[in-house]
Amino acid sequence: MDERKTLDQEVYQAVFAEGEEKASRLRAVREKSEALGARPASIYPLYREMAREFPGFTVPAINLRGMTYDVARALFRTAKRLSVGAVILEIARSEMGYTRQRPLEYAAVVLAAAAREEFPGPVFIQGDHFQANRKAFLAHPEAEKRALKDLIREALSAGFYNIDIDASTLVDLSKETLEEQQRPNYELTAELATYVRSLEPEGITVNLGGEIGEIGGHNSTPEELRAFMEGFNRAFSAGPGLSKISVQTGSSHGGVVLPDGSVAKVQIDFETLRVLSEIARREYGLAGAVQHGASTLPEEYFHVFPEVGCAEIHLATGFQNLIFDHPALPEEFRQKIYRYLKENLRKEWQEGWTESQFLYKTRKKAFGIFKRDWWDLPQGVKGPILETLEETFEKIFRALRVTETLERVQTLCG
């Protein structure tokens, strides 16, 4: 039997094993995938080139929350067909918890999907929002730092060679000056960046990102960007610094859900994104600004991101919505999930929310709670969903202009 095809069963057995057997199986899957040509890599060389001259495309960073192996295979099939090399697969600190995917599992599954589809490019796996929990940090700062450092170590050993540090939760708006407001942010970002540089594998420069304003707050300003970057550059001296900076331009994670369950139209301030990307490149040698929380945007907006010089865009909830709302998903299964959420997560039902709003906000957690159920859906169900996902990936890749980037990425990033 083709050893690529045997990955299907090996991945499944590894994901649903327990304890040390699970870790051992996942390591074996990763090693086999790498032997078959699926190589984890840092996108740093491409971002260094992007800092010198914007190449006219925006890199999509896609969070995979459920049916990860199947969805990753669909993504790599599409990327291979369109010669896409500039694409990142990522998972956030919070997502690792509610989707029940630790770094080793996520990396092994993604690499196996790339090997299974014979994707020829390097595979960029990213730790998204390695975020400081504000409440935990203020109560026990050293403990929260240790938790973040432990996660960084775990992620690096798994093959995450791209990490977004997010200490924007610590910005203190009660302070009078922007420098004082951003100080907790840039100091922790510098400390964690130094820790990454102390651990990165030989021959690899991990691509690092920072963030200046928690997504969902007020729009970022040039003055905030400069306050953060000036402070970071003073505090950091352990090698190459940040390659990109995440900013707020009017979006929110997951989108804004209306009482009827529909998602409100997002108003992105593209001029802010253009100005901040230009300052990031011209003044600080970064690849540009990063846009979060944009997957629920109407499709007609995506082509604007490369036009305004946006370096990277993070996409998650839109794919989740596609899966949950797809007509091929059995209604019985969907209602089974919703009944569980209403019975077991009722404490998360905020005052004033309709049932539709509650379900929209909490259903992401069903990817972890019903993880095996999602993986075990019959092909007759998964097939149409994955076909629609491939069509969506293609539209996004074309709009962001990352088609025909594979050769360039292979040359730069190995």
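## The second largest pocket

Fifteen residues, given as 15 in the count, line the second largest pocket, and Ser-295, Leu-297, Glu-299, Thr-392 and Ile-396 are those nearest its centre. The structure is a predicted model. The pocket has a volume of about 230 Å³. Helix H13 (317–325) and H18 are the elements that each give two or more residues to this lining. Sorted by class, the lining holds eight nonpolar, five polar and two charged residues.

Thr-392, one of the residues nearest the pocket centre, belongs to helix H18, which spans residues 379–400. Is Thr-392 buried or exposed? Thr-392 counts as buried because its relative accessible area is 19%, and the cut-off for buried is under 20%. Leaving aside residues up to four places away in sequence, Thr-392 touches Phe-319 and Leu-322.

## Cavities

How many cavities of 30 Å³ or more does a search of the whole structure find? The search finds two.

The lining of the largest cavity consists of Asn-63, Leu-64, Arg-65, Gly-66, Val-71, Ala-316, Phe-319, Gln-320, Ile-323, Phe-367 and Leu-389. H13 gives the most to this lining, with three residues. The classes are seven nonpolar, three polar and one charged. Phe-319 of this lining is also one of the residues that Thr-392 touches.

Around the second largest cavity stand Arg-65, Gly-66, Met-67, Thr-68, Thr-99, Gln-101, Phe-367, Lys-371, Trp-374 and Trp-375. Here the element that gives the most is helix H17 (residues 371–375), with three residues. The lining divides into four nonpolar, four polar and two charged residues.

## Positive phi values

Where does Met-67 lie? Its place is the loop between strand S2 (59–63) and helix H4 (68–81). With a relative accessible area of 1%, Met-67 is buried.

His-129 is not a glycine either, and its phi is positive at about 45 degrees. His-129 is part of a strand, S4 (residues 123–131). The relative accessible area of His-129 is 9%, so this residue is buried, the cut-off being under 20%.

## Packing of H2 and H6

Two packed helices are described by the angle between their axes and the distance between the axes. For helix H2 (residues 19–35) and helix H6 (residues 103–116), the angle is about 35 degrees and the axes are 8 Å apart. The crossing of H2 past H6 is left-handed.

Which residues make the contact? On the H2 side they are Lys-22, Ala-23, Leu-26, Arg-27, Val-29, Arg-30 and Ser-33. On the H6 side they are Leu-104, Glu-105, Ala-108, Leu-111, Ala-112 and Ala-115. By class, the residues of the contact of H2 with H6 are eight nonpolar, one polar and four charged.

Definitions and conventions:
Residues numbered from 1 in each chain as written. Predicted model: local features only at pLDDT ≥ 70, side-chain atom pairs only at ≥ 80, totals over all residues. Heavy atoms only, no water. Axes fitted to C-alpha atoms, helices over the stretch in contact; angles between N-to-C directions. Helix = DSSP H or I, 4+ residues; strand = E, 2+ residues; numbered from the N terminus. Left-handed = near helix turned anticlockwise from the far one by under 90°. Contact = heavy atoms within 4.5 Å. Nonpolar A, V, L, I, M, F, W, Y, C, P; charged D, E, K, R; others polar. Buried < 20%, exposed > 50% of the residue type's maximum accessible area, 1.4 Å probe, protein only. 1 Å grid on protein atoms, 1.4 Å probe; cavity = no way out; pocket = protein on both sides within 12 Å on 5 of 7 lines; lining within 4 Å. Points joined across faces, edges and corners; volume = space filled by probe spheres on them.
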